[in-house]
Amino acid sequence: MSQIASTKPYLVRAIHEWCTDNGLTPHLLVVVNAQTRVPMAYVKDGQIVLNINYSATKNLHIGTDAVTFSARFNGASSELYVPMSAVRGIFARENGQGMFFEEDSSADGSDEKGAQDVKVGDDGSSPDASAVKKKPSLRVVK
């Protein structure tokens, strides 16, 4: 029996497309680990929130294994590499709607525990622990 691919990259691409189609700014919540290449000066509490709007990135590619792109931080161009296993969520900056993921139980991220549709604070802060522990659910977004 062949291994089933993770749904996470497909969901990240879908929420990114939904944001851009609706004129919203997609942001990626990332847990920084040894494989993640991001500007460390902007990492706070082991996490970073990245604007992945097409206007803020160059050569954005949301692949099966990772999100890669170039972006400018304080005027300096950086090449970013975010393994899909480090992605904790994608949301719209303007309204906080998006999807957040539980920590992957396997190193390659193929064993997803679940995803949640939650709202982020207006300041772009991630949800508190009690919000992340809720049972996964789907919601129609219009």
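Select F91 to begin: this residue is buried, at a relative accessible area of 3%. Buried means under 20% relative accessible area, exposed means over 50%, and partly exposed lies in between, with a 1.4 Å probe and protein chains only. The model is predicted, so local features need pLDDT of at least 70 and side-chain atom pairs count only at pLDDT 80 or more, while totals for chains, interfaces and linings use all residues. Residues are numbered from 1 along each chain as its sequence is written, and side-chain values use heavy atoms, with hydrogens and water left out.

**The whole chain**

Zoom out. The protein chain has 2 helices and 8 strands. Helices (H or I, at least four residues) and strands (E, at least two) are DSSP runs, numbered from the N terminus. Follow the chain from the N terminus and the elements run α-β-β-β-β-β-β-β-β-α. Of the 142 residues in the protein chain, 44% are buried.

The accessible surface of the protein chain comes to about 8400 Å², and carbon and sulfur atoms account for 50% of that. These areas come from the Shrake-Rupley method with a 1.4 Å probe; for residues, only the protein chains shown count as cover. Next, consider contacts, meaning heavy atoms within 4.5 Å. Among those between residues at least 6 apart in sequence, 47% join residues at least 24 apart.

**Aromatic pairs**

Show the aromatic side chains. How many aromatic pairs does a search of the whole structure find? There are 2 aromatic pairs. Rings of Phe, Tyr and Trp (its six-membered ring) pair if their centres lie within 6.5 Å; planes under 30 degrees apart count as stacked, over 60 as edge-to-face and the rest as tilted.

Select Y42 and F73. Their ring centres are 5.2 Å apart and their planes meet at 40°, so this pair is tilted. The pair links distant parts of the chain, 31 residues apart. Y42 sits in the loop between strand 1 (26-31) and strand 2 (47-51), and F73 in strand 4 (residues 66-73). Y42 is partly exposed, at 40% relative accessible area. F73 is buried, at 18%.

Select Y10 and R13: R13 lies over the face of Y10, at 4.8 Å from the ring centre. A charge sits over a ring if NZ of Lys or CZ of Arg is within 6 Å of the ring centre and within 35 degrees of the ring normal.

Two strands pair if DSSP finds at least two bridges between them.

Colour strand 4. Buried residues make up 6 of its 8, so strand 4 is largely enclosed by the rest of the structure. Strand 4 is joined to strand 5 by 8 bridges. Look across to strand 5: F69 stands opposite L80, and S70 stands opposite E79. The hairpin of strand 4 and strand 5 has 2 residues between the strands, and there N74 takes a positive phi near 55°.

Move to the other partner. Strand 3 and strand 4 are joined by 3 bridges and form a hairpin with 3 residues between them. Click I62: its bridge partner in strand 4 is V67.

**Strands 1 and 2**

Select strand 1 and strand 2. They run antiparallel, joined by 5 bridges. H27 has N51 in strand 2 as its bridge partner. In a regular strand the side chains alternate between the two faces of the sheet. Strand 2 has a covered face, I48 and L50, and an uncovered one, Q47, V49 and N51.

Last stop: D45, in the loop between strand 1 and strand 2. Is D45 buried or exposed? At 74% relative accessibility, D45 counts as exposed.
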